[in-house]
Amino acid sequence: MLRDPVSRYLSEWKHVQRGATWKTSLHMCDGRSPTPNELPTCYPGDDWSGVSLREFMDCTYNLASNRQVRMLADLSLVGCYNLTFMNESERNAILLQSAKGNLKNMAFFGLTEFQRKTQFLFERTFNLKFISPFTQFNVTRASNVEINEGARQRIEELNFLDVQLYAYAKDLFQQRYHRTKQLERRRDRLKRREKRRLQREHRGHRPGHRQDGSPERAVTEDYTSQVVRW
């Protein structure tokens, strides 16, 4: 599941502000965890409770920045957490390309902002049905945070890789959704045709003639039934 980068970042900030940590995460890459020099902590105590948004943004080692790209990409391509392995621009380009490639190769992924479409794709991909429909919650902790335009721009800058990944993901997601919808409509149309054919055969209908012996007019589908309604 991917999420709008600004909303996701604010949500993680509020989560950390309440005392959440990832201390048990090993961040394994190429068979080892990063050294303290490769991945310093942003806070000295047990947690980062009460951290302000500015403090959260100011920590250059904060893993909240571009988290979605990092979680999807193959970090071994860039030397894991060793930032001296290659220059920053090359590292960013490789990470983004790797994340996009891995996302594209996944049989399924969803977007938090499109719950119903996510459910539709999941059910069609895995041939499973949920008991109840997904619910779209537009009011979240992130949405309740009031920030000025300057803070929003700063968050977008800190998550510039995630912003690019999310734009790519939305486009790919919509392509998959529309394609799946189109295929489903086509299957339904073929099923209806087959059902009508079987019904005619069952009634002993002889192709090309009516039961009263008169020639049967060709049946053509209405044009609008062929139009795919997105």
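Reader: What makes residues 226-230 stand out in pLDDT?

Author: This is a predicted model, and over residues 226-230 its pLDDT stays under 50. On a scale of confidence that runs from 0 to 100, that stretch falls under 50. The model still has 9 contacts beyond four places in sequence for residues 226-230. For the chain, the mean pLDDT is 89, and 88% of its residues reach 70 or more.

Reader: Why is α1 called roughly perpendicular to α6?

Author: Helix α1 (residues 5-17) and helix α6 (residues 149-158) pack at an angle of about 95°, and their axes are 9 Å apart. Angles of 65 to 115 degrees count as roughly perpendicular, so α1 is roughly perpendicular to α6.

Reader: How do you know which residues of α1 and α6 meet?

Author: Contact means heavy atoms within 4.5 Å. By that test, Val 6, Tyr 9 and Leu 10 in α1 meet Arg 152, Ile 155, Glu 156 and Leu 158 in α6. The residues of this contact divide into 5 nonpolar, no polar and 2 charged.

Reader: What makes a set of residues a nonpolar core, and which residues have the most contacts inside the largest one?

Author: Its members are buried nonpolar residues joined through side-chain atoms within 4.5 Å. The largest such core here has 27 residues, and those with the most contacts inside it are Leu 2, Val 69, Leu 103, Phe 109, Leu 111 and Leu 165. Helices α3, α4, α5 and α7 each supply at least two residues of this core, and α7 gives the most, with 7 residues. Apart from it lies another core, of 16 residues, among them Trp 13, Tyr 43, Met 57 and Ala 64.

Methods:
Residues are numbered from 1 along each chain as its sequence is written. This is a predicted model: local features need pLDDT of at least 70, side-chain atom pairs count only at pLDDT 80 or more; totals for chains, interfaces and linings use all residues. Side-chain values use heavy atoms; hydrogens and water are left out. Axes are lines fitted to C-alpha atoms, for helices over the stretch in contact, and angles run from 0 to 180 degrees between N-to-C directions. Helices (H or I, at least four residues) and strands (E, at least two) are DSSP runs, numbered from the N terminus. Angles under 35 degrees count as roughly parallel, over 145 as roughly antiparallel, 65 to 115 as roughly perpendicular and the rest as oblique. Ala, Val, Leu, Ile, Met, Phe, Trp, Tyr, Cys and Pro count as nonpolar, Asp, Glu, Lys and Arg as charged, and the others, Gly among them, as polar. Buried means under 20% relative accessible area, exposed over 50%, partly exposed in between (1.4 Å probe, protein chains only). pLDDT is the predictor's confidence in each residue, from 0 to 100.
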